Amino acid sequence: MNTFTSPPADGKNRTANRTMNGTMHTTTNGPRHGARNATTTQATRRPRLSGMTWLVWRQHRAAFWTMIAATVLCVAWMIYQRGQMMDFLDAYGFPAKNLDNAEKQIAPYISAFTTITTGLTAIPVMLGVLLGAPLLAGDLENGTAKLIAAQSVSRDRWLATKLALTGLVVVVTTVALSAVFAWWWSPIKTEPLDIDWTSREFFNTTGPVPVALSLLSVFGGVLIGVILRRTLPAMVVTLGFAVAVQAVWGYFKLSLGDVVTATTKPVSPGTPVTFPSSVPRTAHVFDASYVSGSGKLLDLNTCTETLTDGATERCMKKADIVGSSIDYLPISQMSSMQWFGASILFALTAGIVAFLFIWGRKRLV
């Protein structure tokens, strides 16, 4: 017994003692070493997300994965449709051969846009109702907010993680959809087809606009949820909010561009008037008017009630009509209009987020 408990006097015994003690330590603590290996293995298998980020992802993983899966399917469908369209265009001889006489042949490929744009234009509304409104309203309604507030994590960090992770998923999915749709449309974008680039089906689904509209709808829904503190009422009110945003945006979006006016050279009063030929065929036309000698704009119906050519000539001479003008927006302004409008929407979204941190965090209990 003394051999194991008392320190040896000579170096040889000390060597032996260290060897025996080391052997006994290894034998005794063997299972503990195995447990450490198991713990290390489990640690390497943990999800990369951790802490509050992992908690928020796990809490909303069903909605996030649904968005990602729907985006992947939609992107795959658009890639397939673009491939079909490009096969037709190559066989037709485009772009060396224009599409003026191919309206019937290309009609099925144009109608394919409608199938996708119907869903793309509804994305901001759906995200606001199904993701934004319940994001915090659900936690406030079922008591999860009180549980988290009792932990060491601050409400600011919890709110920031919620908004940041949600915003990231929204941005990634909408950017992917916008980029692929623009890529699909780009080969025929400047062709004079039956496509109005100012319509919500094309203006609101390309560039930064879908991202800006989605973020505004989502974070607006979050704020509504914090105010109402009930999921279902928040979803209903967010639906009205998102639809109102779309309506207001549709009303003001054309004012984001600089209207171009094209006029014809003056002719003698009573001479037949032509319209400007410099207007691009893809332009969005606001208005067409006659121009009098004094520069006054007259409606195109000014002399339509006359029954004969002679009477029409006398009417136009009496009205002093010497030319015509057309107000339009060229498609070349589309990108600048989208970015200008999106910057306004981003600013509104930033204001909502700031208001959530300044005022809304006090209600997260």
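**Cavities, pockets, a helix and a sheet**

Author: H6, H8 and helix H10 (209-228) each supply at least two residues of the lining of the largest cavity. Keep in mind that this is a predicted model.

Reader: Which of them gives the most to that lining?

Author: H8 does, with three residues.

Reader: And which residues line the largest cavity?

Author: The lining is made up of Leu120, Ile123, Thr174, Leu177, Ser178, Thr205, Pro210 and Ser214. By class, four are nonpolar, four are polar and none is charged.

Reader: What volume does the largest cavity have?

Author: About 60 Å³.

Reader: How many cavities of 30 Å³ or more are there in the whole structure?

Author: A search finds two.

Reader: What classes do the lining residues of the largest pocket fall into?

Author: Eleven are nonpolar and five are polar, with no charged residues.

Reader: What about the second largest pocket, what is its volume?

Author: The second largest pocket has a volume of about 230 Å³. Helix H11 (231-252) and helix H13 (334-358) are the elements that give two or more residues to its lining. H13 has the largest share, five residues.

Reader: Which residues are in that lining?

Author: They are Leu216, Val245, Val248, Trp249, Phe252, Lys253, Leu256, Gly341, Ile344, Leu345, Leu348 and Ile352. Ten residues of this lining are nonpolar, one is polar and one is charged.

Reader: Back to H5. What span does it reach?

Author: Helix H5 covers residues 61-92, which is 32 residues, and reaches 46 Å from its first C-alpha to its last. That is close to the 46 Å expected at 1.5 Å a residue.

Reader: Which residues of H5 are buried?

Author: Phe64, Met67, Thr71, Cys74, Val75, Met78, Gln81, Arg82, Met85, Phe88, Leu89 and Tyr92.

Reader: Why would residues three or four places apart point the same way?

Author: An α-helix has 3.6 residues a turn, so residues at that spacing point the same way.

Reader: What do the buried residues of H5 pack against?

Author: They pack against helix H4 (51-59), helix H6 (103-142) and helix H8 (155-185).

Reader: And what follows H5?

Author: Gly93, whose phi is positive, near 100°.

Reader: Last topic, the sheet. What is the strand order?

Author: It is an open sheet of four strands in the order E1-E4-E2-E3, with antiparallel pairing. Strand E1 (260-263) and strand E3 (297-298) are at the edges with a single partner strand each, so one side of each has no neighbour in the sheet.

Reader: How many bridges join E2 to E4?

Author: Eight bridges join strand E2 (residues 284-292) to strand E4 (residues 321-329), and the two run antiparallel. As for facing residues, Ala288 stands opposite Ile326 in E4.

How values were computed:
Residues numbered from 1 in each chain as written. Predicted model: local features only at pLDDT ≥ 70, side-chain atom pairs only at ≥ 80, totals over all residues. Heavy atoms only, no water. Expected span 1.5 Å × (residues − 1). Buried < 20%, exposed > 50% of the residue type's maximum accessible area, 1.4 Å probe, protein only. Contact = heavy atoms within 4.5 Å. 1 Å grid on protein atoms, 1.4 Å probe; cavity = no way out; pocket = protein on both sides within 12 Å on 5 of 7 lines; lining within 4 Å. Points joined across faces, edges and corners; volume = space filled by probe spheres on them. Nonpolar A, V, L, I, M, F, W, Y, C, P; charged D, E, K, R; others polar. Pairing = 2+ DSSP bridges.
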